[in-house]
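Morning, everyone. Let's take a quick tour of one chain. Please bring it up on your screens.

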Amino acid sequence: MDESRHTAKADPQSELAARLRLIQDLSGLGVRALARDSGLSSSSLSRYLSGRTVPPWPSVVALCRLVKRDPRPLRPLWERSSNPLPAPPKSSRQGRPRPRNDLPRDVPDFTGRETQLAAVLAAVESHRVVAVDGMAGVGKTCLAIHAAHRLAADYPDAQLYVDLHGFTEGREPLDPDSALRMLLGALDVPSEKVPREGIEQLAACWRSELADRRVVVVIDNAADADQVRPLLPGAGPSVALITSRNRLIGLDEVPPVSLDVLSTRESAELLARASGDPAGPEGRLARDPESAAEVLRLCGHLPLALRLAAARLRHRPGWTVGILVERMAEGASEFDTAFAMSVRQLDRSQARLFRLLGLLPGGSFDAYLAASLADVPLNSARAMLEDLVDAHLVQESTAGRYRLHDLVHQHARRAGEEQDSSAEREQALARFLDYYVHAAAAADAAMPFLSPGRPPTAGRPPAALPRFADKNAAFAWLVAEYENLVGAFETAAAVGADAHVCELPRFLRAYFARRCGTTHLNVLFERSLAAAERLGDPLQLADAHSDLGFARYNAGRMAEAAASYEAAQPRVSQAGDVGSQAELTLRRGYLKWDEGHVEEPLELFRLAGKLYEQAGCPTGSAGAAASEAWAMLQLGHRDEAAQRAREVLGMPHADPASPPALTAHLTLGVAIAHEEPDEAAEHLHRALALAREDGHLHNEAWCLNCLGVALRHMGRHDEALACHRKAFALLDELFEEHWKIHFLNGYAETCRLAGLPDEALRLHRQALEIAPALGYRNEEALAHEGIAIVLDTTDPAAAAEHRAAGRAVLEVLD
């Protein structure tokens with residue numbers, strides 16, 4: 001049994017989760033089977049077992065009854081878990097102490113809309129979804145966010161916000177695929193559980209996650225019904241509030257609430273509240289009612305324009321309302337009137353930054369980006385952003401992150417085209433692209449994939465970059481900036497910045513590995529390769545072919561991976577970069593091993609290690625040595641594998657959960673399981689604990705499978721089977737069928753030795769179905785041999801046929 005998993009923690013919720021995991025061990029069932037037999041949903045049960053959610057008491061009772069245990073001793077612990085004392089913040093790897101709340105702040109001067117707010121809340125009550133529509137600037141988002149804040153207490157599991165950019169000038173609307181991935185990430189759904197492709201699968205995953213949670217989500221700025229339909233919740237209590245400038249007539253089941261401009265009374269009230277004008281006859285508005293009425297007219301009774309005009313009065317106590325009218329009358333429309341008047345009150349540097357923000361593709365941003373865009377010190381950028389917030393030209397959506405309303409964004413963009421030269425705008429856009437390449441590189445360096453990437457060469461490094469304390473901080477930054485990183489890539493492709501198109505995807509490899517973003521990464525590297533071909537740079541071209549090959553390999557596209565590596569090899573040699581040669585050599589070793597070759601992968605791993613040493617990359621050397629040890633173990637050379645694994649563990653590791661360290665722990669644990677079972681268990685449990693702490697479910701499944709193999713070697717077949725079942729339950733949750741090929745034959749062998757020949761035969765045959773389609777020739781041969789061993793006593797003829805087929809597979813490789 002995995003003791004590290006069941007050690008009681010100080011906080012009651014973690015201890016309760018550990019007790020529930022003991023119940024799962026007693027049942028011998030995977031998550032799905034346990035959920036089915038206890039009448040729970042698998043997603044809820046996963047959260048209970050991981051400690052992310054405290055289960056209802058009836059669920060605890062149902063689990064205890066399933067294994068014939070008295071639930072009453074757990075009642076005090078459950079009560080403490082349900083009413084915990086405040087705890088210190090936890091790291092992102094351990095789970096969030098509080099639900100996610102992404103809602104922009106509620107405006108303190110929300111005015112009027114009593115009828116419309118009541119209609120929104122009634123629609124949520126009856127249909128759980130509502131669509132607020134109306135013209136630009138009429139206050140749709142303000143109403144939806146205000147309603148969401150009102151609903152937050154009734155939907156405590158999460159309050160989410162996503163901007164679909166349906167009408168953002170200069171960028172394409174956010175596609176449902178990207179929106180769903182952002183929302184699932186906001187719910188902390190493990191990246192490995194998110195389907196790699198298929199909008200239907202993504203939408204099903206989203207609905208499944210919402211089914212057992214009480215979540216309110218604001219879906220802002222939708223272009224049409226097709227964009228928003230996959231984002232709607234399904235069964236369950238969660239609710240969605242949608243906004244759009246168009247009536248979403250394609251969503252017949254969603255009740256609409258349409259907004260018009262404010263009434264005269266509401267407009268006057270908003271202007272007074274937003275400007276801070278005192279009530280009574282002493283107020284500026286009351287002293288000059290004709291000018292006040294003209295302000296309302298010039299603003300078109302639109303909340304956005306009214307707040308912009310009010311901000312000028314609030315910050316200009318010496319102005320009369322008549323002066324405000326004079327300034328506003330110089331504008332061309334209610335929007336431009338308010339925007340231009342607000343911009344005119346900025347100093348030169350503030351106005352310049354405002355115009356440059358119009359170049360951004362949309363989405364939220366921080367002060368680092370603003371400083372790079374305007375080429376000013378970070379402190380100056382922060383001060384200017386605060387001034388723009390005060391002027392209602394920039395919104396601070398969350399602490400330290402800013403955004404522009406679509407209409408403001410359009411005005412800033414047009415003002416830049418009118419007032420800034422083409423050269424100035426091009427230079428600012430170049431700084432924007434430079435910033436994201438170099439910032440992504442900094443984040444990548446804090447969470448290395450295997451071997452650290454080369455420093456970026458595209459553009460110039462900005463004066464200030466975010467600093468990341470550890471890989472979790474870097475990953476959190478990448479999650480927050482994902483939309484902008486994709487926007488930067490698309491912008492670079494549109495303007496022909498090929499060096500940026502080449503380099504940016506390389507610095508996102510670790511992020512996509514954690515996010516299970518293989519499909520998107522393949523697309524990025526395809527375009528990166530095209531950019532490298534246009535540049536004609538040998539090293540860029542070599543890396544692009546190699547990276548595309550590795551993306552293909554991780555997606556299970558073995559033949560395409562081989563073709564990319566074949567194209568990369570002469571180019572890497574021509575480029576003469578030892579680090580790139582080492583990386584390609586290691587990757588070719590992985591591919592050759594999975595294709596079923598024996599000696600060649602070992603030679604490639606050893607060569608990669610030497611090349612990494614020449615390149616001065618100890619992490620890469622450790623990775624190559626760990627891969628060599630793992631391959632020797634699979635070939636039955638246990639003593640040599642154990643010795644090599646010990647050498648790897650003796651190397652310094654900045655990250656104890658790095659791939660080399662994890663591989664070495666697993667290799668050593670399995671290799672010495674016969675002779676040193678206690679030490680073997682220590683290494684395997686250490687690897688499992690590291691994988692769980694890291695939140696990487698693929699690696700957790702791998703560790704569980706290896707623990708199962710080791711326990712089989714120790715003769716502890718029941719415990720071995722439990723570990724294999726847990727590994728496969730994880731893969732079922734992750735929608736990762738092709739990953740099972742690495743584990744099926746080992747699981748089948750455990751079943752055979754545990755006296756379950758029919759189950760062993762089923763698993764070997766499943767491997768035989770998957771392996772040829774993916775190109776895993778070694779596993780195909782092992783499946784034939786495993787079937788032959790099972791059939792030896794019952795059907796010798798069929799066993800002989802499978803042995804012959806297995807030999808034929810290996811002969812093809814020779």
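Before we start, one definition: helices here are DSSP runs of H or I with at least four residues, strands are runs of E with at least two, and both are numbered from the N terminus. With that in hand, take Arg113. Arg113 sits in the loop between strand 1 (100-101) and helix 7 (114-127). Keep in mind that this is a predicted model.

Now the backbone. Most residues other than glycine have a negative phi. Arg113 has a positive phi, near 60°. Asp375 also has a positive phi near 60°. Asp375 belongs to the loop between helix 19 (367-374) and helix 20 (378-390).

Buried or exposed: which is Arg113? Arg113 has 4% relative accessibility, so it counts as buried. Asp375 has a relative accessible area of 54%, so it is exposed.

Next, charge on the surface. Which residues gather in a patch of negative charge? They are Asp347, Glu386, Asp387 and Asp390. Look at Asp347, in the loop between helix 17 (334-344) and helix 18 (348-357). Patch members need over 30% relative accessible area. Asp347 is at 39%, so it is partly exposed.

Finally, zoom out. The protein chain has 40 helices and 8 strands. Of its 814 residues, 57% are buried. Take the contacts with a separation of 6 or more: 67% of them join residues 24 or more positions apart. The accessible surface is about 33500 Å². Carbon and sulfur atoms hold 52% of that surface.

That's the tour.

Notes. Residues numbered from 1 in each chain as written. Predicted model: local features only at pLDDT ≥ 70, side-chain atom pairs only at ≥ 80, totals over all residues. Heavy atoms only, no water. Patch = residues over 30% accessible without salt bridge, like charges linked within 9 Å, V, L, I, M, F, W, Y side chains within 5 Å. Areas by Shrake-Rupley, 256 points an atom, 1.4 Å probe, with all protein chains shown as cover. Salt bridge = Lys/Arg side-chain N within 4 Å of Asp/Glu carboxyl O. Lys, Arg positive; Asp, Glu negative; His and termini not counted. Charge placed at Lys NZ, Arg CZ, Asp CG, Glu CD. Buried < 20%, exposed > 50% of the residue type's maximum accessible area, 1.4 Å probe, protein only. Contact = heavy atoms within 4.5 Å.
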